[in-house]
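Let us walk through this model one region at a time. Keep the sequence and the 3D view side by side.

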Amino acid sequence: MSYKADYHIHSCYSDGTMRPVDIVRMYKEKEYDVIALTDHDGVDGVKEAEIAGEALKIKVVPGVEISSSMNFYEKSVELHILGYHIDTENQLLLEKLKELRAYREDRNRRLLTFLNEHGYPLTEEDLLQQPGQTYVGKPNFARAIREKGYVIEDMWDVFDQVEKEKISVGEAIEVIRQAGGIAVLAHPMKIRGIGEKESQPFWEALDEITSELKRNGLKGMECYHPSASAEDSLRLVSLAGKYHLHITEGSDFHGE
């Protein structure tokens, strides 16, 4: 029996634009069987999604997406780890998420100053684009820049000049494990700093990284994602099979 599933969804509790209840309703209307709410570094929207899922008869998996880093040949590589079937009331998880939010808020303040100093004036109010919004991430900066009419070439590269402190990928995987969850490597094709995308050096580096993550307790790989072509997905499935990892699919949905 096959299921229609999306294991990578963001709500307004991180950098998405829709409330969890509206997301669940939308996926139900599209006849999905299983979805996972995986907000960045937070689980505040999970309960709302689960309640809506129970009412609408659609399975909602409690999840999270944690930003982390890995030392790879003396370079820091950013990796995102998805956690599924987590206990959202686990104290270790909640303490770590609080720490990650503090890192993000510090980066946001420094990035705001950086942009203002380089001729792109923004205020904190410009970054708050949803009623009651408490989370601000890079997409909020991008939306604010677009609304102001600013044109910045290589916007994401500019953002990356202001780094955010991160936990190690091993710690991220362990936190998910301690919360009873399953750790999955998010969107491998979006990993930067390991070679040109789809080149042989990229795939060789990804193989090394996957091997190390497996030793640290990784359980799955997101092989189907908008960043991966059909050919990429086939290679990712093969790589996941090599290391006996679960294969997942996610849209990385942020809003209509």
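**A surface patch and its surroundings**

Tyr224, Leu234 and Ile247 together make a nonpolar surface patch of about 290 Å². The model is predicted.

Begin with the tyrosine. Tyr224 sits in strand 7, which covers residues 220-224. Is Tyr224 buried, partly exposed or exposed? Its relative accessible area is 33%, so Tyr224 is partly exposed. A patch member needs over 30% relative accessible area, and it must have no salt bridge.

Now follow the strand to its partner. Strand 7 pairs with strand 8, residues 246-249. The pairing is parallel and runs over four bridges. How does the chain get from strand 7 to strand 8, and what is the hand of the crossover? The chain passes through helix 9, residues 230-242. This β-α-β crossover is right-handed.

**Two loop residues with positive phi**

Next, turn to the backbone. Glu31 has a phi near 65 degrees, a positive value in a residue other than glycine. Look for Glu31 in the loop between helix 1 (20-29) and strand 2 (34-37). Its relative accessibility is 65%, so Glu31 counts as exposed; the cut-off for exposed is over 50%.

Lys57 is the next stop. Its phi is near 65 degrees, again positive in a residue other than glycine. Where does Lys57 lie? Lys57 is in the loop between helix 2 (46-56) and strand 3 (59-72). With a relative accessible area of 68%, Lys57 is exposed.

Definitions and conventions:
Residues numbered from 1 in each chain as written. Predicted model: local features only at pLDDT ≥ 70, side-chain atom pairs only at ≥ 80, totals over all residues. Heavy atoms only, no water. Patch = residues over 30% accessible without salt bridge, like charges linked within 9 Å, V, L, I, M, F, W, Y side chains within 5 Å. Areas by Shrake-Rupley, 256 points an atom, 1.4 Å probe, with all protein chains shown as cover. Salt bridge = Lys/Arg side-chain N within 4 Å of Asp/Glu carboxyl O. Buried < 20%, exposed > 50% of the residue type's maximum accessible area, 1.4 Å probe, protein only. Pairing = 2+ DSSP bridges. Right-handed = clockwise from strand over helix to strand, strands pointing away.
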